[in-house]
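Hi there,

Here is the structure I promised to pass on. Please open it next to this message, and my notes follow below.

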2 protein chains.
Amino acid sequence: MKIGIVGLGLIGGTIAKALKDNHIISAYDISSDALDYALEKSIIRKKYESIDKFLAENDVIYICLYPKAVIDFVKSNLNSFKSSSLVVEVSGVKQYIIKEIENIKASNLNIVYTHPIAGSEKIGVYNSDANIFNNANYVITPLETNKKEEIDLVISLAKEMGFLNISTLTPKEHDDIIAYTSQLTHVLSLSLVNSVSTTLDTKKFIGDSYRNLTRISKINEKLWPDLFITNKKALLDKISLIEVELKKFKDAIKVNDMHTLEELMIKSTTIRSNMDGGDSDES
Amino acid sequence: MKIGIVGLGLIGGTIAKALKDNHIISAYDISSDALDYALEKSIIRKKYESIDKFLAENDVIYICLYPKAVIDFVKSNLNSFKSSSLVVEVSGVKQYIIKEIENIKASNLNIVYTHPIAGSEKIGVYNSDANIFNNANYVITPLETNKKEEIDLVISLAKEMGFLNISTLTPKEHDDIIAYTSQLTHVLSLSLVNSVSTTLDTKKFIGDSYRNLTRISKINEKLWPDLFITNKKALLDKISLIEVELKKFKDAIKVNDMHTLEELMIKSTTIRSNMDGGDSDES
């Protein structure tokens with residue numbers, strides 16, 4: 001198939017790399033550096049300067065832009081989408097994107113909303129790496145207007161990319177669980193790093209636990225504020241739940257309540273152990 | 001040298017493995033299973049059933065017990081330590097241990113208080129692995145009563161074990177920074193896991209960020225309450241600092257303050273990037 005990537009950043013580049021052996025991949029991007037790099041490295045076979053031609057000539061189009069840019073892109077090119085092609089959206093927030101696009105969309109736009117749950121603290125096509133999709137999770141949030149063959153095609157391409165669990169959720173379910181598994185996780189990592197309060201050279205006193213927890217605090221500040229704010233209700237709920245859990249630790253530590261601390265630890269061990277299935281790096 | 005390990009768990013076993021090629025390692029433990037396993041796997045050359053003999057025959061003794069057990073062990077065997085040998089204590093909290101032991105200690109006990117900052121969510125000698133010490137951090141909290149040659153010997157053995165940065169801190173400095181880098185890190189990971197609030201099968205919706213942040217939530221509930229409570233003042237301070245950081249995110253998200261979110265992210269990226277030196281797994 002002819003597959004076009006809009007936005008040749010880390011995720012767009014990774015999709016290109018993951019599909020390029022079986023398909024003809026092209027791309028459209030405002031950065032000619034990214035396009036030229038991808039051509040030179042044979043990540044894509046063709047770059048487009050005309051968006052109309054790009055949208056007309058591809059069978060499947062992955063929109064790999066930041067959430068608000070997805071909406072701007074769809075709005076700007078609404079008349080250029082072809083009803084013979086399938087558009088796949090891959091950002092990390094769903095209700096906001098779907099609401100905005102479904103309000104304006106015309107019958108020539110066939111779009112499936114999805115979220116490949118994989119990424120990196122690094123940015124750009126230069127750091128794209130097809131390995132990050134291996135055995136990762138992928139979520140599709142189908143609408144009633146989506147045809148079965150569209151969903152099947154998205155699933156089939158996700159499998160080609162290496163994803164292991166491909167699930168369908170409602171947009172609300174997606175945003176709720178991603179606020180927890182992804183966005184809250186990032187808020188905690190950033191908060192840990194930002195709360196450093198010593199004049200000592202911290203790196204001499206950290207272990208693997210701190211290293212692993214804070215790697216994602218090197219974060220793309222152009223993308224993540226968008227994700228946090230477009231999913232604000234769910235994320236604020238999750239932060240409140242963390243505050244409740246932190247208070248349990250504080251209260252127990254204050255009164256030397258060993259028993260409650262043990263119970264909290266047995267709980268976390270049990271919950272986390274139940275998530276291990278499918279983790280290739282867990283024993 | 002003849003090196004004896006008291007408490008042949010994950011850390012005791014790892015010290016034995018890391019030193020066994022150059023020294024004669026023996027051990028004392030209440031678990032005969034652990035001792036027999038270590039003998040069979042050639043991790044140690046000798047097990048002791050008499051603690052007096054064990055303390056008399058070794059040149060260096062590593063006490064690898066949980067914090068409160070360290071104190072019980074020293075109290076119970078106070079008359080059996082030999083002034084010709086060196087005792088090295090390796091638990092994750094220093095002021096509490098030092099205060100308790102220095103109050104009772106006799107002139108026959110030469111002890112250096114240290115903290116190898118390495119571990120695993122797994123427990124027992126069966127999971128010991130000398131690789132966890134490679135390029136890790138080690139802290140020594142020397143007292144005025146420690147002789148220079150004692151400290152030099154501890155440093156030399158830590159280098160043999162594979163540690164990269166070997167620093168000296170005051171006990172208060174140690175407890176303050178470890179409350180942040182280690183204990184707070186664990187509180188956050190546990191709180192994240194315990195705050196899960198969905199009926200969906202979470203493991204299908206997690207990425208590497210959640211996996212890496214929560215691996216340590218599989219935690220030894222017999223060890224960590226001790227560490228939290230014996231360092232309560234410093235840890236409670238750090239939890240309060242995290243609450244302040246979380247509030248910054250909440251406040252900014254509530255009012256769609258993209259600029260503040262960007263600033264918080266640039267801050268975390270800068271701080272964390274400055275810690276990368278010496279991490280073999282960072283690029």
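Which strands of chain A does α6(A) lie across, and at what angle does α6(A) run to β7(A)? The answer is β1, β4, β5 (86–89), β6 (111–117), β7 and β8 of chain A, with α6(A) running at about 170° to β7(A).

Before the rest, some housekeeping. This is a predicted model, in which local features need pLDDT of at least 70, side-chain atom pairs count only at pLDDT 80 or more, and totals for chains, interfaces and linings use all residues. Residues are numbered from 1 along each chain as its sequence is written, chains are lettered from A and ligands numbered from 1 in the order in which they are written, and side-chain values use heavy atoms, with hydrogens and water left out.

Helices (H or I, at least four residues) and strands (E, at least two) are DSSP runs, numbered from the N terminus. Axes are lines fitted to C-alpha atoms, for helices over the stretch in contact, and angles run from 0 to 180 degrees between N-to-C directions. Contact means heavy atoms within 4.5 Å.

Now the sheet of chain A. Its 8 strands form an open sheet with mixed pairing, in the order β3-β2-β1-β4-β5-β6-β7-β8 (two strands pair if DSSP finds at least two bridges between them). At the edges are β3 (46–47) and β8 of chain A, each pairing on one side only. Helix α1 (residues 10–19) of chain A packs on this sheet and touches β1 (2–6), β2 (24–28) and β4 (60–63), its direction making about 165° with that of β1(A).

Strands β7 (residues 137–140) and β8 (residues 165–168) of chain A pair in the parallel sense over 4 bridges. Within this pair, A:Val139 stands opposite A:Ser167. From β7(A) the chain crosses through helix α6 (residues 148–161) to β8(A), a right-handed β-α-β crossover (right-handed if, with the strands pointing away from the viewer, the path from the first strand over the helix to the second runs clockwise). A:Asn137 has A:Asn165 in β8(A) as its bridge partner.

There is a helix pair to look at in chain A too. The axes of α4 (residues 67–76) and α5 (residues 95–104) of chain A come within 10 Å and cross at roughly 10°. That angle is why α4(A) counts as roughly parallel to α5(A) (angles under 35 degrees are roughly parallel, over 145 roughly antiparallel, 65 to 115 roughly perpendicular and the rest oblique). On the α4(A) side the contact includes A:Val70, A:Ile71 and A:Val74, and on the α5(A) side it includes A:Ile97, A:Ile101 and A:Ile104. The residues of this contact divide into 8 nonpolar, no polar and 3 charged (Ala, Val, Leu, Ile, Met, Phe, Trp, Tyr, Cys and Pro are nonpolar, Asp, Glu, Lys and Arg charged, and the others, Gly among them, polar).

In chain B, α5 (residues 95–104) and α7 (residues 171–194) pack at an angle of about 145°, with their axes 9 Å apart. Here B:Gln95, B:Tyr96 and B:Ile98 in α5(B) meet B:Pro171, B:Lys172 and B:Asp175 in α7(B). Strands β6 (residues 111–117) and β7 (residues 137–140) of chain B pair in the antiparallel sense over 4 bridges, and B:His115 stands opposite B:Val139 in β7(B).

How do the copies relate? Chain B can be laid on chain A with an RMSD of 0.0 Å by a turn of 180° and a shift of 0.0 Å along the axis (superposed by least squares on the C-alpha atoms of residues with pLDDT of at least 70 in both). The two copies are therefore related as by a two-fold rotation axis. Of the residues of chain B, B:Leu213 comes closest to that axis, at 2.3 Å (C-alpha). The same surface serves both copies, as 100% of the contact residues of chain B recur in chain A.

Best wishes
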